[in-house]
Structure formats: C-alpha cells, structure tokens
Amino acid sequence: MKPTLMVRNASVFKGCLNAGQQSDLVSELREIARIAPPFSPQTPYGKPMSVKLTSAGDFGWLSDAHGYRYSETHPNGARWPEIPQSLLSLWFLLTGVSRAPNSCLINFYGEGAKMGMHQDRDEKCFDWPVLSISLGDEALFRIGGATRSGSTESLWLSSGDVVVLGDEARLAYHGIDRIRFGSSGLLPKGGRVNVTLRVVD
Ligand code: MD3
Ligand code: FE
C-alpha cells in the first residue's frame, strides 16, 4: 500500500480503515479496556495526563514512581491482554518489517484532552517503526524534527487514518494540540482513540 502523503518523513495513509474495520477495531479495544482498565498516568510534575491509556501485548507503557517506562504488567498487577490479530496484520502490511510489535498502546481522548510535544524514546531500539491508528473524533497532529526547537507542521487526522513513523521520523517531536469533540459518530459518547504499535525491546 502506498501512503497518501508524507509529512516530515511520516507516511500518512488517509482512510486506511473503512467504517466496518473501524467499528470492529473499537469492539476489540473495548474488550482490552474491560480486561485492562484505562488510567491517567502521573506526569513527572505530579499532574495527571489528560489522556487515559491502557495497553495490550507483552509490554505496556505507564508512569509511576520509577518514571515513564514499559512494564509487563498493568498498574493492577495483571499481564496485559493480547494484541488483536487484525492489528498485527495491518503492521506487517504497512511497515514491511520482519518483527512483530510487542506493545500496543491505546490512548483515549475525551473533550479537551491533548498531548504535549514529546519524543518517543522509552523503547530499546529506534530502528523499528511506530504505527499509529486514529479512531473517532478528528485530531490536530503536530510533528517537528529531532530537536524541540525546530519548526513544526500540523495535520488533521480523521478516523481510519494510519501513520507510520520510521527512519527520520522515528525520533521526531510530536503531539496532539486538540481534538474536534463530537466530529465523528464512531464512538457513541464522542472522543478519540489512538492506537500505536511498537517494538519496545
Ligand atoms: C512520531 N500518540 O502515544 S500518534 C504516543 O495521537 C503519541 O495519541 C499521539 O504520541 C496520539 O506516544 C500521536 C502519532 C505518533 C505516534 C508515535 C510517534 C507520532 C510519532 C513516534 C515517533 C514520531
Ligand atoms: Fe508519542
């Protein structure tokens, strides 16, 4: 599959998942959230993130007294649920890499939620790409370069869009400035869900 467009070396696949695939994926994510309830991690400043998150796979991302890290268990002590097969297939189709992801992070954005500019650097090796799927309300995504100070570009992501961040884009600063709450009918209560697949170690 060919990307619709490239932004700062990120490959953007607009409308990659159709409506049926999106609602099937939402059902699978609901099941994951039932087993591994979403939580709001504390930032190092002691303020909770506005986004709620949970994970599937061998490793999930969290923050606690040890800082930001990947953990084999949910804060409640249980192992994370398995990554759905449909997501593994999408990963191999779009990334072309040989290794399966071992972490699936699911971010939940309610009204007013956002994610500040950051780099993803908690993984052991940056040679593997990150794949991101947007579901639900539209989000204003911002991506820059490998330093915090450089210029940035913004792009609205819609439900069903997929972004692959590899090579030059892998260490790019990025964030979500805002969502258009209620812009999509996919989730009955509104909001946005972002799924990222990663090889974390
Ligand atoms: C660029 N999530 O979970 S997805 C994250 O929409 C995260 O929830 C945002 O940033 C979200 O860490 C943005 C797009 C994305 C994901 C990973 C990246 C962009 C990236 C990794 C490296 C560079
Ligand atoms: Fe990120």
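Reader: Where does Asn102 lie?
Author: Asn102 sits in the loop between helix 2 (85–95) and strand 6; helices (H or I, at least four residues) and strands (E, at least two) are DSSP runs, numbered from the N terminus. This is a predicted model, where local features need pLDDT of at least 70, side-chain atom pairs count only at pLDDT 80 or more, and totals for chains, interfaces and linings use all residues. Residues are numbered from 1 along each chain as its sequence is written, chains are lettered from A and ligands numbered from 1 in the order in which they are written, and side-chain values use heavy atoms, with hydrogens and water left out.
Reader: And is Asn102 buried or exposed?
Author: Asn102 is buried, because its relative accessible area is 8%. The cut-offs are under 20% for buried, over 50% for exposed and partly exposed in between (1.4 Å probe, protein chains only).
Reader: What is Asn102 in contact with, neighbours within four places aside?
Author: Contact means heavy atoms within 4.5 Å. Asn102 has Gly57, Asp58, Phe59, Ile83, Arg198, Val199, Val200 and Asp201 as its partners, leaving aside neighbours within four places in sequence.
Reader: OK, another loop. Where is Ser149 found, and is Ser149 buried or exposed?
Author: Ser149 is in the loop between strand 9 and strand 10. With a relative accessible area of 71%, Ser149 counts as exposed.
Reader: On to the inside. Which residues touch the most other members of the largest nonpolar core?
Author: Tyr109, Ile143, Leu165 and Ile176 do, in a core of 30 residues. A nonpolar core here is a set of buried Ala, Val, Leu, Ile, Met, Phe, Trp, Tyr and Cys residues joined through side-chain atoms within 4.5 Å.
Reader: Which strand gives the most to this core?
Author: Strand 9, with three residues.
Reader: What does Ile176 contact, again skipping neighbours within four places?
Author: Ile176 is in contact with Tyr109, Lys114, Met115, Ala139, Leu140, Phe141 and Arg192. There's also a second, separate core of 26 residues, which includes Val26, Ala56, Ile83 and Trp91.
Reader: Zooming out, how many helices and strands does the protein have?
Author: Two helices and 13 strands. Of its 201 residues, 49% count as buried. The C-alpha trace spans about 40 × 40 × 35 Å along the principal axes.
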